[in-house]
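Please read these notes with the model open beside you. Each point takes up one topic.

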Amino acid sequence: MTSAPEEKQSARGDARREAIVQAARNICLEKGFSRITVSDIAGEVGMTRSLFYHYFKDKDAVADAVLDDVIDEILSKLERWNQSRETGNVSKAINDIVRLLRALIADESPFSNRMIQDGNAELYIKFIDRAADRIADYIAQTTVRDFEQLHGLPITNVHETFFTLIVGLISLIRSHPNVSDQTIKEVMAQTLHIEGYVTQD
């Protein structure tokens with residue numbers, strides 16, 4: 001059992017770690033991650049470099065934490081979508097997820113664009129892969145289970161199917177922003193073999 005002073009110290013440490021992540025994220029948006037130094041981050045938070053290294057091994061470890069922070073925000077929005085779904089109304093859920101997907105891509109575009117403009121495509125690919133993995137895990141454990149209980153499961157390799165669908169839709173919407181919502185819905189329905197549950201607009 002931890003004592004009150006230990007809990008206070010732990011909370012302070014968590015707050016400092018979070019402050020470092022937020023500072024790195026803000027600086028990344030301003031000038032790109034490859035140009036950030038540990039001194040930049042430490043200075044933004046108002047701490048010494050040595051204190052920074054108490055929380056993170058190096059700049060790459062902070063980059064990982066920043067990616068996770070952005071993905072956590074995406075998953076929070078996805079959880080709100082999942083909790084607001086009308087049970088059995090697949091067509092409405094698909095309509096809502098298409099709108100959410102567009103909003104999520106628009107919200108994170110400055111972050112992604114900065115990585116790409118900064119010549120840090122490797123970090124961008126890592127971000128997309130990690131986001132798709134975590135989103136596919138979440139959907140497989142929630143929405144898919146609900147669908148399976150009501151209708152059966154029309155696909156196999158659930159995680160892999162959703163991973164591929166998510167990466168593909170992100171790429172489609174980013175490279176063809178004028179693609180219609182109806183086309184996105186049809187691609188989703190065809191990929192998931194749920195065409196019969198989706199109404200035409």
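1. Start with the elements. Helices (H or I, at least four residues) and strands (E, at least two) are DSSP runs, numbered from the N terminus. The protein has nine helices and zero strands. From the N terminus on, the elements read α-α-α-α-α-α-α-α-α.

2. Know what you are looking at. This is a predicted model, in which local features need pLDDT of at least 70, side-chain atom pairs count only at pLDDT 80 or more, and totals for chains, interfaces and linings use all residues. Residues are numbered from 1 along each chain as its sequence is written, and side-chain values use heavy atoms, with hydrogens and water left out.

3. Now the overall build. The C-alpha trace spans about 60 × 45 × 25 Å along its principal axes. Of the 201 residues, 42% count as buried. Buried means under 20% relative accessible area, exposed over 50%, and partly exposed in between (1.4 Å probe, protein chains only). Contact means heavy atoms within 4.5 Å. Among contacts with a separation of 6 or more, 67% come from residues 24 or more positions apart.

4. Next, the nonpolar core. Such a core is a set of buried Ala, Val, Leu, Ile, Met, Phe, Trp, Tyr and Cys residues joined through side-chain atoms within 4.5 Å. The largest one has 64 residues. Ile41, Phe52, Leu78, Phe127 and Phe162 have the most contacts inside it. Take Leu78: not counting residues up to four places away in sequence, it touches Ile97, Leu100, Ile135, Tyr138 and Ile139.

5. How many cavities of 30 Å³ or more does a search of the whole structure find? The search finds one. A cavity is a set of points, on a 1 Å grid over the protein atoms alone, where a 1.4 Å probe fits but cannot get out. Grid points are joined across faces, edges and corners, and the volume is the space filled by probe spheres set on the points. The largest cavity has a volume of about 670 Å³. Its lining holds 39 residues, and Trp81, Ile97, Ile139, Phe162 and Met188 are the closest to its centre. Lining residues have an atom within 4 Å of a point.

6. Which helices build that lining? H4 (59-84), H5 (90-117), H6 (121-141), H7 (143-151), H8 (158-175) and H9 (181-192) each supply at least two residues. H5 gives the largest share, nine residues. The lining divides into 30 nonpolar, five polar and four charged residues. Here Ala, Val, Leu, Ile, Met, Phe, Trp, Tyr, Cys and Pro count as nonpolar, Asp, Glu, Lys and Arg as charged, and the others, Gly among them, as polar.

7. Arg85 sits in the loop between H4 and H5. Leaving aside neighbours within four places in sequence, Arg85 contacts Ala93, Thr143 and Asp146. Asp118 lies in the loop between H5 and H6. Is Asp118 buried or exposed? Asp118 counts as buried because its relative accessibility is 10%. Beyond residues up to four places away, Asp118 touches Lys31, Gly32, Phe33, Ser34 and Arg35.

8. Last, check two backbone angles. Asn157, in the loop between H7 and H8, has a positive phi of about 50 degrees although it is not a glycine. Asn157 is exposed, at 52% relative accessibility. His193, in the segment after H9, is not a glycine either, yet has a positive phi of about 60 degrees. His193 is partly exposed, with a relative accessible area of 47%.

Technical notes: 1 Å grid on protein atoms, 1.4 Å probe; cavity = no way out; pocket = protein on both sides within 12 Å on 5 of 7 lines; lining within 4 Å.
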